[in-house]
Amino acid sequence: MGFITEEQLQKALNIAKEENIKVGEALYSLGALDKDHIYWVLSNQLNMNYVELSPEMIDKDLIKQFSVDTLGQLLCLPLYETIEEIHFAIADPTDQKIIKQVKSLKPEKTVQLHLALPEKIMDILHLFKGEFY
């Protein structure tokens with residue numbers, strides 16, 4: 001337990017594509033016990049950081065710069081920003097169309113992507129949507 005083989009990852013990618021589901025959901029369907037662990041392992045395999053999101057991690061001023069609906073459609077959250085970079089948590093790092101759209105949210109900055117559970121992204125977006133709108 002702890003590492004996903006190349007074969008398991010490839011199988012999950014194929015299932016995700018065929019069934020139009022997220023890769024993490026495909027890995028979960030292959031018998032893994034907890035999504036946090038799956039996403040952590042997947043993030044390591046993809047050379048990404050995994051973030052266990054909480055509302056306190058999100059900069060309220062930063063999230064106000066984006067449409068909550070757009071963030072929900074892309075399943076992403078802005079985490080923090082530096083002079084040169086902006087960091088987003090995303091749920092699906094395998095969808096190149098989504099990655100391109102996330103990067104276009106702040107084109108003047110280098111975008112760094114981190115992996116997070118889709119449910120946690122949506123929970124936080126709902127919280128902020130209720131708070132701001």
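Student: Which exposed residues sit on the face of α6 turned away from its buried side?
Tutor: Q96, K97 and K100 are the exposed residues carried by that face of α6. Note that this is a predicted model.

Student: And which residues of α6 are buried?
Tutor: I98, I99 and V102 are the buried residues of α6. Looking down the axis of α6, they fall within an arc of 100 degrees, so they line one face of the helix.

Student: What covers the buried residues of α6?
Tutor: The cover includes helix α5 and the strands β2, β3 and β4.

Student: What happens at the start of α6?
Tutor: There, a side-chain oxygen of D95 comes to within 3.0 Å of the backbone nitrogen of K97.

Student: Back to the core. How many residues are in the largest nonpolar one?
Tutor: The largest nonpolar core has 35 residues. Those with the most contacts inside it are L53, F88 and V102.

Student: Which elements each supply at least two residues of this core?
Tutor: The helices are α3 (35-45), α4 (60-63), α5, α6 and α7. The strands are β2, β3 (85-90) and β4.

Student: Why would nonpolar side chains end up together?
Tutor: In soluble globular proteins, nonpolar side chains tend to be buried together.

Student: What is F88 in contact with, leaving aside neighbours within four places in sequence?
Tutor: F88 is in contact with F66, L71, C76, L77, P78, L79, V102, L105, V111, Q112, L113 and H114. One of these, V102, is also among the buried residues of α6.

Student: Changing topic: how many salt bridges does the structure hold?
Tutor: The structure holds three salt bridges. One of them joins the side chains of K129 and D69, at 2.8 Å from N to O. K129 lies in helix α7 (residues 118-132) and D69 in helix α5 (residues 68-74), so this pair ties together parts that are 60 residues apart in sequence.

Student: Which residue does K106 pair with?
Tutor: The side chain of K106 meets that of E81 in a salt bridge, 3.1 Å from N to O. E81 lies in strand β2 (residues 76-81) and K106 in the loop between α6 (96-104) and β4 (110-115), so parts 25 residues apart in sequence are tied together.

Student: And what does K109 meet?
Tutor: K109 meets E81, again through side chains, at 3.4 Å from N to O. K109 lies in the loop between α6 and β4, and E81 in strand β2, so the pair links parts that are 28 residues apart in sequence. Through shared partners, salt bridges join E81, K106 and K109 into one network.

Student: What share of the contacts with a separation of 6 or more comes from residues 24 or more positions apart?
Tutor: Such residues account for 60% of those contacts in the protein.

Definitions and conventions: Residues numbered from 1 in each chain as written. Predicted model: local features only at pLDDT ≥ 70, side-chain atom pairs only at ≥ 80, totals over all residues. Heavy atoms only, no water. Salt bridge = Lys/Arg side-chain N within 4 Å of Asp/Glu carboxyl O. Helix = DSSP H or I, 4+ residues; strand = E, 2+ residues; numbered from the N terminus. Core = buried A, V, L, I, M, F, W, Y, C linked by side-chain atoms within 4.5 Å. Buried < 20%, exposed > 50% of the residue type's maximum accessible area, 1.4 Å probe, protein only. Contact = heavy atoms within 4.5 Å. Arc of directions from axis to C-beta. Polar contact = N/O pair within 3.5 Å; in protein donor to acceptor, adjacent residues only side chain to side chain.
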